[in-house]
Amino acid sequence: MTLVGNDAARQAFVAAAEGESLHHAWLLSGPEGVGKGSFAREMALRLLATALDGRSRMRGEIGDDHRLATLIAAGAHPDYRDLVRLPKDPDKPDQDIARSIKIDQVRMLQPLFATKPALSSRRVIVIDAIDDLERPGANALLKNLEEPPVGTIFLLVSHSPGRLLPTIRSRCRQLRFEPLTGDQVAAVVTTQLPETEPAEVAALVAAADGSPGRALAYAGLSVAALDRDLAEIAETGDPDNRIRSRLAKSLAGKTAQPRYAVFLDRAPALIAATARTRTGPALRDALDAYDKARALASMAPALSLVAETTVFEMAGLVARLALASTR
């Protein structure tokens with residue numbers, strides 16, 4: 001798939017890769033869902049193919065049948081590693097993903113670094129996202145960034161580079177990725193989900209905030225309906241608790257978990273958008289509600305808070321916007 005947007009980042013990396021000296025560590029930073037991980041994996045293939053083929057493969061097509069593409073797809077390329085959060089149960093790869101990338105995953109790289117690359121003069125390590133790397137793992141990785149193994153390129157994806165160890169940031173060249181335009185997000189959605197109705201595409205684009213990854217994650221979850229309910233609560237205050245009670249019940253079941261996660265994302269976003277239109281006491285109230293909403297959205301999954309209670313409380317924070325607007 002051809003990546004959409006962030007042409008400046010692509011051009012900068014390709015120019016560096018085709019130059020005389022390519023930095024050994026790159027920090028691909030920017031909002032979540034704008035294509036940083038896909039970019040890292042595409043560039044990894046291109047870097048390895050360039051080293052193997054003896055000519056630049058940083059531009060143009062590399063077919064799925066290319067030797068290295070098939071090896072990477074099979075998880076069998078000896079000079080490529082992709083560190084991500086792993087399932088807690090290997091027999092259930094789509095459930096219960098670990099909250100962090102463990103130090104053991106970094107330690108498993110060390111025997112690789114003790115040898116030369118197998119197929120060419122280069123190996124590539126992708127970490128998506130380095131934000132998820134637990135602190136001992138980050139310290140272990142730092143040693144490799146300070147004394148990079150010969151021929152090794154690190155591509156580190158980060159949604160929050162400010163939270164990383166300063167020593168890691170200082171060892172990397174940063175490549176900034178920006179949110180996509182609405183038209184670019186729509187192009188990704190319609191390409192990936194060609195059956196989507198135009199009205200739903202529009203709702204997904206509005207909710208995506210420049211992140212096609214978020215738009216695709218929201219697909220099929222009736223985001224537009226959630227947004228309508230939240231907007232009504234914000235406008236009226238939902239004085240009889242009718243809307244928030246209905247939402248709390250509908251989002252509490254196990255099958256509603258994906259939509260519940262969207263609700264925890266959309267409610268703080270609506271409060272933030274409303275705050276940007278206010279001044280004075282109304283702005284202070286909206287910012288206070290936003291701080292509380294963000295904290296609740298963060299704590300709820302981490303502490304396994306009861307979904308029904310959490311939804312009702314979050315909707316109450318949204319209802320504060322109506323009270324603030326009357327002051």
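**Exercise 1.** In this predicted model, is arginine 57 buried or exposed, and which side chain does it meet in a salt bridge?

*Solution.* Start with the accessibility: arginine 57 has a relative value of 10%. Buried means under 20%, so arginine 57 counts as buried. Next, look for its partner: the side chain of arginine 57 meets that of aspartate 53 in a salt bridge, with 2.7 Å from N to O. Aspartate 53 itself has 30% relative accessibility and therefore counts as partly exposed.

**Exercise 2.** Work out which parts of the chain are tied together by the pair aspartate 132 and arginine 85.

*Solution.* First, check the pair: these two side chains form a salt bridge at 3.6 Å, N to O. Then place each residue. Aspartate 132 is in the loop between β3 (123-128) and α6 (135-146), and arginine 85 is in the loop between β2 (80-83) and α4 (103-107), so the bridge links parts 47 residues apart in sequence.

**Exercise 3.** Find where arginine 246 and aspartate 229 lie.

*Solution.* Their side chains meet in a salt bridge of 3.1 Å, N to O. Arginine 246 belongs to helix α12 (residues 242-250) and aspartate 229 to helix α11 (residues 223-236), so the pair ties together parts 17 residues apart in sequence. With a relative accessible area of 39%, arginine 246 is partly exposed, whereas aspartate 229, at 13%, is buried.

Terms used
Residues are numbered from 1 along each chain as its sequence is written. This is a predicted model: local features need pLDDT of at least 70, side-chain atom pairs count only at pLDDT 80 or more; totals for chains, interfaces and linings use all residues. Side-chain values use heavy atoms; hydrogens and water are left out. A salt bridge is a side-chain nitrogen of Lys or Arg within 4 Å of a carboxyl oxygen of Asp or Glu. Buried means under 20% relative accessible area, exposed over 50%, partly exposed in between (1.4 Å probe, protein chains only). Helices (H or I, at least four residues) and strands (E, at least two) are DSSP runs, numbered from the N terminus.
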